[in-house]
Amino acid sequence: MEADHQSRALLRWTRFASNPYGTGGEKRSAQIRALCEAGGFTVADMQPPSGTARWRARLAGMLVRWRLGHHASVDDAGAGLLGYRSLFYRDALARHRGARVLLWETTYDSILPTLARAAGYRIVALPHNLESLVSEAAFADPGHDVITGLAMEIRRLHLADAIFTISKEERWLLEARGLGPHYLPFHPDPALADACSKIRSARVAQVQADGSIAGPLLLVGSAFNPATERGMRWQLEQLRAVGWPAAGVVVIGPQTEARLAGFAVPGVRILGGVTWEELTQHLTTCSAMLIHTFGGAGAVTRIPEALLAGVPVIANGNAARDQYGTSGVHVYDDPAGFHALIQAALPLPPPPPRPVSAEVRFQSELRRLMPTIDA
């Protein structure tokens with residue numbers, strides 16, 4: 001029995017905890033873990049060491065630079081960091097006693113897949129984003145060459161045996177560059193799905209005659225992400241321009257209280273990071289969730305979660321790019337469209353269906369790639 005349990009253990013590298021009530025990245029990691037476990041697998045997360053001698057890391061990093069050049073990482077890491085990663089990856093791959101299958105969620109560099117292939121692993125890439133499109137440099141520097149970074153990222157993904165993207169647009173883009181990715185959309189894991197269903201039930205009890213709920217507008221996002229902060233700021237500026245709604249506005253998310261402090265006026269509550277229990281209260285009473293994103297990331301976890309909880313979503317086209325035509329997602333393309341939607345009585349949306357066929361395809365690929373465990 002022990003050998004069988006080991007043979008079903010998949011090695012995973014993600015920088016996120018599998019927390020269904022956490023950030024978008026944590027929710028995606030929780031979804032992937034839940035799908036693996038539902039398919040009869042277990043997941044062993046790689047744990048970075050507490051420390052590595054600097055001289056060892058720098059020497060290892062210089063070797064990585066020599067072997068992989070500027071294709072080594074998306075974040076232009078220095079030799080010390082590259083070496084630290086190289087040593088950490090090599091040790092984790094060697095220590096794993098389960099199946100030689102790697103779930104590669106944190107796809108920042110080509111070091112891990114290169115070492116994994118050399119060690120006999122099959123690689124399943126599950127990028128949370130196309131990282132070259134969401135780096136801080138892409139937002140902070142207008143002259144940043146995103147296309148070169150994208151080409152490097154696509155070269156890294158060619159090292160995978162299977163790829164699952166979180167959005168249809170990313171799948172299309174990778175297909176256009178010669179890859180054959182699958183689409184695995186975000187859907188809350190069972191724990192979060194159950195919590196969202198309870199929120200929906202509580203919201204149904206508040207519905208007015210016109211089908212809507214007369215509550216505040218809700219903005220949720222991590223303001224430490226430059227693109228997220230910029231989108232939240234755009235919406236708050238638009239709301240201020242036409243006058244704050246009578247029911248008010250609630251802003252929630254890490255660092256929002258610091259980065260968006262200038263909008264803290266009567267009728268606008270900026271709460272910063274909150275517990276899941278506190279967020280549940282605001283999801284239960286809000287009239288709609290507002291989402292506006294710039295660049296190539298964001299919203300693909302928040303929208304399905306909101307819809308499952310019965311919360312209408314008002315989003316710009318970029319944020320809603322993976323949800324066009326989805327009932328309950330109300331899309332605007334300009335300030336006039338935004339102003340019209342925030343004044344509309346929006347009904348509770350139907351719950352989105354689980355992407356069962358995509359989930360089954362993911363589990364089938366894991367079984368297909370499953371090699372024989374080493375003794």
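What is the accessible surface of the protein, and what share belongs to carbon and sulfur atoms?

## Surface and burial

The accessible surface (Shrake-Rupley method, 1.4 Å probe) comes to about 16500 Å², and 54% of this area belongs to carbon and sulfur atoms. Of the 375 residues in the protein, 54% are buried (under 20% relative accessible area, with a 1.4 Å probe and protein chains only).

## Basis of the model

This is a predicted model, in which local features need pLDDT of at least 70 and side-chain atom pairs count only at pLDDT 80 or more, whereas totals for chains, interfaces and linings use all residues. Residues are numbered from 1 along each chain as its sequence is written, and side-chain values use heavy atoms, with hydrogens and water left out.

## Overall fold

The protein contains 15 helices and twelve strands (DSSP runs: H or I of at least four residues for helices, E of at least two for strands, numbered from the N terminus). Among contacts (heavy atoms within 4.5 Å) with a separation of 6 or more, 64% link residues 24 or more positions apart.

## The six-stranded sheet

Six strands form an open sheet with parallel pairing, in the order β9-β8-β7-β10-β11-β12; pairing requires at least two DSSP bridges between two strands. Its edge strands, β9 (268–272) and β12 (329–332), each pair on one side only. On average, neighbouring strands are turned by 25° against each other, direction ignored.

Within this sheet, β7 (residues 217–220) runs parallel to β10 (residues 288–291) and is joined to it by three bridges. The bridge partner of L218 in β10 is M289.

## A helix across the sheet

Helix α14 (residues 335–342) lies across β7, β10, β11 (313–316) and β12, and runs at about 145° to β12. Such angles run from 0 to 180 degrees between N-to-C directions, with axes fitted to C-alpha atoms, for helices over the stretch in contact.

Note on methods
Buried < 20%, exposed > 50% of the residue type's maximum accessible area, 1.4 Å probe, protein only.
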